[in-house]
Amino acid sequence: MPDVDRTRAWLLTVDGAPQSYVDLDAPTHLEFEYARRLAHVLDTTGEPGLPLDVLHLGGGALTLPRYVAATRPGSRQDVVEADRALLRLVAEHLPLAEGAGVTVHGADARAWLDRAPGDSADVLVADVFGGSRVPAHLTTVAYAREAARVLRPGGRYAANLADGSPFTFLRSQLATFAEVFEELALIAEPSVLRGRRFGNAVLVASHEPLDIAALARRASSDAFPARVEHGAALRRLIGDAKPVRDEDAVPSPEPPGGAFSIG
């Protein structure tokens, strides 16, 4: 659907829920809060402005690949999206700029990740939803280990997740990635963290220390300020949650009615 306030901006919805927003004339404009938080991770990885190798699991309308191409020219990016019809729709109506350095693959994210070369990505962005739920096979320790294998030393993993109180899914994901990565952080709105509403949270993982101060500055200056949880606060949130094994995996919870609706 076109945005009546911006000349070449479009909102992509899937099954009635907002999925992506793209402004073809302003690829650095990120309308959705979770996209800006994922961008904070990208912006604080490596030296500002220098190219990155980025693997995106989940493509949508390619909002973040466009952002990286604009903010870090020369980056090499792979996008893995299982919905081939969606890829064709986006290619027809929202084409990438010439020389964007983005290669799109129509494939299942976990299957593609399992075959990806090791030490090949500076950042792995996971934004995969089957309908409005994160698929079960992208929630496990085995999946987290594959993500860690593909990342270079010092690389960052960033995932868009969604949950609400009592955070059974989110806590399990934190426990799962704590099994594989030494450093974790969580970026979310205070109202979500306090359990007042269902919403998005961005999980960040790395083997090396994260620049928490830089992430916190960016998150707090957003139009909808977010908090960055880490260290002891994150351990308290995890509590007695257990890492997820493949045989026990379930999708993320179904959002309550109206949680991500538009209009």
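**Exercise 1. Find which element gives the largest share of the lining of the second largest pocket, then describe that pocket.**

Solution. Helix 2 gives the largest share of this lining, with 3 residues. Keep in mind as you work that the model is predicted.

Step 1: take the volume. The second largest pocket holds about 260 Å³ of space.

Step 2: look at the residues around that space. The lining has 17 residues, and those nearest the centre are Pro 27, Arg 66, Leu 96, Ala 97 and Ala 100.

Step 3: Two or more lining residues come from each of strand 2 and helix 2, the latter spanning 63-71.

Step 4: sort by class. The lining of the second largest pocket splits into 10 nonpolar, 4 polar and 3 charged residues.

**Exercise 2. Work out how strand 1 and strand 2 are arranged.**

Solution. Step 1: get the sense of the pairing. Strand 1, residues 9-14, pairs with strand 2, residues 17-23, in the antiparallel sense, and 6 bridges join them.

Step 1: Opposite Pro 18 of strand 2 you will find Thr 13.

**Exercise 3. Describe the largest pocket by volume, lining and class.**

Solution. Step 1: start with the space itself, which comes to about 1100 Å³ in the largest pocket.

Step 1: The lining counts 45 residues, with Pro 18, Gln 19, Phe 32, Tyr 34 and Asn 160 the closest to the centre.

Step 2: list the elements involved. Strand 1, strand 2, helix 1 (33-43), strand 4 (76-81) and strand 9 (199-206) each give two or more residues to the lining.

Step 3: count the classes. The lining of the largest pocket has 23 nonpolar, 12 charged and 10 polar residues.

**Exercise 4. Say how many cavities of 30 Å³ or more there are, and describe the largest cavity and the second largest cavity.**

Solution. Step 1: apply the cut-off. There are 4 cavities of 30 Å³ or more.

Step 1: take the largest cavity, with about 180 Å³ of space. Its lining has 20 residues, and Tyr 34, Gly 59, Thr 63, Leu 64 and Asp 127 lie nearest the centre. Strand 2, helix 1, strand 3 (53-57) and helix 2 each supply two or more of the lining residues. By class, the largest cavity is lined by 11 nonpolar, 7 polar and 2 charged residues.

Step 2: move to the second largest cavity, with about 80 Å³ of space. Here 13 residues form the lining, and Ala 126, Val 134, Tyr 157, Ala 159 and Leu 161 lie nearest the centre. The elements giving two or more residues are strand 7 (151-163) and helix 6. Strand 7 has the largest share, 4 residues. The classes are 10 nonpolar, 2 polar and 1 charged.

**Exercise 5. Decide how helix 6 and helix 9 are oriented to each other.**

Solution. Two packed helices are described by the angle between their axes and the distance between the axes.

Step 1: read both values. Helix 6 (residues 168-178) packs on helix 9 (residues 231-238) at an angle of about 120°, and the axes are 9 Å apart.

Step 2: classify. The two helices, helix 6 and helix 9, are therefore oblique to each other.

Step 3: The crossing of helix 6 and helix 9 is left-handed.

Conventions:
Residues numbered from 1 in each chain as written. Predicted model: local features only at pLDDT ≥ 70, side-chain atom pairs only at ≥ 80, totals over all residues. Heavy atoms only, no water. Pairing = 2+ DSSP bridges. 1 Å grid on protein atoms, 1.4 Å probe; cavity = no way out; pocket = protein on both sides within 12 Å on 5 of 7 lines; lining within 4 Å. Points joined across faces, edges and corners; volume = space filled by probe spheres on them. Nonpolar A, V, L, I, M, F, W, Y, C, P; charged D, E, K, R; others polar. Axes fitted to C-alpha atoms, helices over the stretch in contact; angles between N-to-C directions. Parallel < 35°, antiparallel > 145°, perpendicular 65-115°, else oblique. Left-handed = near helix turned anticlockwise from the far one by under 90°.
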